[in-house]
Amino acid sequence: YYWLGHTHRHLGNGDLALYYAKRCLESAAYSGDDTLIALTHDLLGRTHYLLGEMNAATEFLKKAIPMLEEAGRSHEAGMSMSVLSICASHTGEFDLCPAMFQSAMQIAVSQEDLQLESIAQHALGKFHFFEGNWSEALHRLHKSNSIAGRMGERIVEGFNLFFIAQISFL
């Protein structure tokens, strides 16, 4: 169920992603697989984020991060931190963003994880966008876009370009 949910999230099928993720969470809880429970909370959080459901995303991501760290899944923990900081930017919880960004970037740098670095830079760019710091937002979004472009991460490039375009109209 996990991979079905994960695949549907990447394809933009949010309702199906949630369906499979919820089924996965039930199965993982029944089996007692703590790593799968952690990964599924991350999947649920990121899926709710893509559906624009920031409060639900925040709830699942806040649960996922310590579980992922405990399971030794630092990449996924860093991704959850980055998405949580984006959700916090949307909901006005700006005090949460810098700590999440710093933690995600530490993981990205220590593991030379370009995918995570790109997402973390995007998250910080959105944070600066929502706080009205346009020059820093552009800097971070362009940095994220450069990394995403080299990696072929078209979804991240699209998100970056959307916010870059919005700033250009201000």
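In which helix is T58 found? T58 is found in helix α4, where helices (H or I, at least four residues) are DSSP runs numbered from the N terminus. The model is predicted: local features need pLDDT of at least 70, side-chain atom pairs count only at pLDDT 80 or more, and totals for chains, interfaces and linings use all residues. Residues are numbered from 1 along each chain as its sequence is written, and side-chain values use heavy atoms, with hydrogens and water left out.

**Helix pairs**

Two packed helices are described by the angle between their axes and the distance between the axes. Here the axes are lines fitted to C-alpha atoms over the stretch in contact, and angles run from 0 to 180 degrees between N-to-C directions.

| Helix pair | Residues | Angle | Axis distance |
|---|---|---|---|
| α4 and α5 | 54–70 and 74–91 | about 150 degrees | 9 Å |
| α6 and α7 | 97–110 and 114–131 | about 160 degrees | 9 Å |

The angle of about 160 degrees makes α6 roughly antiparallel to α7, a term for angles over 145 degrees. The crossing of α6 and α7 is left-handed, that is, the near helix is turned anticlockwise from the far one by less than a right angle. Contact means heavy atoms within 4.5 Å. On the α6 side the contact residues include F101, M105 and I107, and on the α7 side they include L116, L124 and F127. By class, this contact of α6 with α7 has 11 nonpolar, 1 polar and 1 charged residues. Ala, Val, Leu, Ile, Met, Phe, Trp, Tyr, Cys and Pro count as nonpolar, Asp, Glu, Lys and Arg as charged, and the others, Gly among them, as polar.

Helices α4 and α5 are likewise roughly antiparallel to each other, and α4 passes α5 in a left-handed crossing. Among the residues making the contact are T58, L61 and I65 of α4 and M81, L84 and C87 of α5. The contact of α4 with α5 divides into 11 nonpolar, 5 polar and 3 charged residues.

**T58 and the cysteines**

T58 counts as buried at 7% relative accessibility; buried means under 20% relative accessible area, with a 1.4 Å probe and protein chains only. Not counting residues up to four places away in sequence, T58 touches L84 and C87. The C-alpha atoms of T58 and M81 are separated by 10.0 Å, although the two residues lie 23 residues apart along the chain.

C87 is itself buried, with a relative accessible area of 0%. The structure holds 0 disulfides, a disulfide being a pair of cysteine sulfur atoms within 2.5 Å. For C87, the nearest cysteine sulfur is that of C97, 9.5 Å away. C24 is also buried, with a relative accessible area of 2%.

Key:
Helix = DSSP H or I, 4+ residues; strand = E, 2+ residues; numbered from the N terminus. Parallel < 35°, antiparallel > 145°, perpendicular 65-115°, else oblique. Buried < 20%, exposed > 50% of the residue type's maximum accessible area, 1.4 Å probe, protein only.
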